Amino acid sequence: MAVHRLELRGITKRYPGVLANDDVSLAVAPGEIHAVLGENGAGKSTLMKIAYGALAPDAGQVVWNGRPVALRAPDDARTLGMGMVFQHFVLFETLTVAQNVLLGLPAAFARRTRHGWLAPLIERYRLGLDPDAYVGDLSVGERQRVELLRALAARPQLLILDEPTSVLSPEARAALFATLRQLAAEGCSIVYISHKLAEIRELCDRCTVLRAGRTVAVVDPRGMAQDELAALMLGSAVDEVRTAAPRPAGDPVLTVRRLSVPAPAGQRVGLRDVSFDLRAGEILGVAGVSGNGQALLLSALSGEETGMPDDVIRLMGRPIGRLRPSARRALGLRAIPEERLGRGCVPEMGLDDNVLLTMAPAQAAAGGWVRRRGLAAAASGIIARYGVRAVSPRVPARSLSGGNLQKFMVGRELQGAPRVLVAAQPTWGADIGAAARIHQALIDLRNAGGAALIISEDLDELLGICDRLAVMAGGRLSPAVARARVGADMLGRWMEGRWDDDPA
Amino acid sequence: MIQLEARASASRLATWLSPLAALVLTMLGGALLFVILGVDPWQGLRLFLVEPFNGLYAWGELAVKAAPLALCAVGLSICFRANVWNIGAEGQLVAGAIAGGGVALLAGPETWRGYVLLVMAAGMLGGMAWAALTAWLKDRFGANEMLVSLMLTYVIQLLLGYLVFGPWRDPYGYNFPQSRSFDEAALLPTLWEGTRAHAGLALAFAAAAVAWLFLARSYPGFRLRVVGAAPAAARYAGYSPRQALWTSMLACGALAGLAGMGEVAGPMQRLTTSVSPGYGFAAVIAAFLGRLHPAGALVASVVMAALYIGGELAQSRLGLPASIVGVFQGLALALLLLGDTLVRHRIRWRRPAPAAR
């Protein structure tokens, strides 16, 4: 038998109260694209941290090219020839792209580099980055690509990618897949961590499935149906989301006319003449690669961004451009930002206090006093109704996983009975079960006559739940078209900002 | 190589034990200091740990010092919770002393006994006015409140000097830089016969209770905490950072002003060039020792008061320099910060990564 590039044997890792990995094994051959599939909390991240030397296992062995190795730190793994792209970015915002890449490289290599050395690499992998741009100015999607670039620059023998496509456009994803296949053909092994079944079936040669910290199967994903894979991962059949049946939309509830916002200091993209109507009983999707003004659009609609004319945004005919977020909420407009911790929730505060954050003052505090018992009950209600995994309504928001916190936030805003809900990346980082629940909640809102604006980079998500779709590019918003009329080539053109040629 | 690793979660118990550990270590450090200075460490520590609590009069003195400390520390806790770094409580205290003292000087022998309430109100307004200056400069021009509040402290101290050397100097005071002593009606009542403990202590307890209610139970207090803990979340919720700034600064100004008024209308009974041995600064330490919790601020203020008294005793009985109090305060704060770092992080001793194989 050929020597494996990387082999993990009988890895066990215990955290207080949790057995994160229980006798897990994984073997990756040279040039193989190997998927590690599992729900959030199945132990994927722990396993990869152990492989990469960021964590020490309680038991088990890491074998590299046939030799057992003791990894004391990620540095050791990098020295051996492993690269990793983390799901959560570890970039220096005050440094440029090139500087960030250099920092991840061995000193001996870094000393030999000259200005401009990165450009061919960026070109080759079609990452579309400016080496001299400051990371602090980049969007989430672009930062992800910096992470990828950083790993590729070290010419790894094995590359670990943790949920890399969650913020990529379809073209970028296709380009990434081509790159990965090319790397694999050159002999580099790829470990691809994901819970996106379609991607795994499309890309990977083999697939190790984890569930609750144990290996449940090692399969060839190309020969399996999506349902079979999902069943392996979840342990039971997946609940299908009731896809939104088309229905006649009602009157416009949110009207935006020529909304322009200058680019914030240090960023390139502002909003230019954004206009759209959101009607009662519909979900309008906003697609596009992040960094094209989506964040600003959400802030402008939520009321966090100020300084625009009153009548560029109208809610049921009423100008609200100058109202602050709490006033807009009182009128029925609620927003869910992309950043959950620190913006959507206060990390150190309990879920009950975080319910209070966006509650109407009259309901939250009678005569200025906070009703703690009512808040705890409200938080418990959201936990139960939206399947949030939290042991108590008082646990700090920080202690919840990303997907759970997202469910909590969606539940919290829906609890406020909005007429219009604006949400950015509502399922980013959520596993299949959580995503399905969130989508169902959004569709229920729509079917009850509410309206939702969903800003997302996940096209599958948008095509699954939206009635109409528009695209953001360069701070402008395309006309919205019905889902049935959306074509892949058209979306590709629109994402580059070329929609004026199309007779929409 | 020593590395600090963030802990996944800080233990609640450790969070509360950290100030205690800091105090114990401060005492050990103090003992070491006494040994170096050639003083019997047991005798030295006795002055700090036993003497301040020995007898009714000693408790009274403790209350005299703890009251202004606690008032300032409670006010500062509110500021720090709002992420407003007001370190000029000392200046606000002096402003309260000047305003309260000015009103107190207007009283005569025949004045109504309730007049002291006016003195109190004047003290609060004085402190608030001085705090408002910092708040306004930050609000209007974005000036750094830490610098502004600190610098304004020296300004108001000079103003106090001008007043007691000039217009308010007691004409029968043998040219000492101090005002005439206040009349009975302008003085805070004494709490217990035989001690100097005055009504300021009751005010401190009341302030802590109200501050706790405000922070933990009121909606404006919640908004203030959100602004302090997560500014982006406050923006998203629609809470005003300006409101948090003004509320916390004015609250702290009022309490510090009350403390200053309590000094001049309490134990001093007149205005002099120095109305506080740095209570406003020591209160910063007390606020952090008390975990920015009003009740904690009360307890920590008693500790800081004992340090002051121990320091005074060390001067009079052992002939040690006055700066011993500052050394103890500094030691306590440094050790507390160290302890808090260890509560949130763990130290990992790591050999440098092995060379390439």
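**Exercise 1.** Find how strands β11 and β14 of chain A pair, and over how many bridges.

*Solution.* Start with the ranges: β11 covers residues 252–261 and β14 covers residues 313–315 of chain A. The two pair in the antiparallel sense over three bridges. Strands (E, at least two residues) and helices (H or I, at least four) are DSSP runs, numbered from the N terminus. Two strands pair if DSSP finds at least two bridges between them. Next, take a bridge: A:Val256 has A:Ile313 of β14(A) as its partner.

The model is predicted: local features need pLDDT of at least 70, side-chain atom pairs count only at pLDDT 80 or more, and totals for chains, interfaces and linings use all residues. Residues are numbered from 1 along each chain as its sequence is written, while chains are lettered from A and ligands numbered from 1 in the order written.

**Exercise 2.** Determine which face of helix α6 of chain B is buried.

*Solution.* Residues buried in α6(B) (20 or more other C-beta atoms within 10 Å of their own) include B:Val148, B:Leu152, B:Ile156 and B:Leu160. Down the axis of α6(B), the buried residues fall within an arc of 150 degrees (directions from axis to C-beta atoms), so they line one face. The face turned away carries B:Met151, B:Leu158 and B:Tyr162, which are exposed (12 or fewer such atoms).
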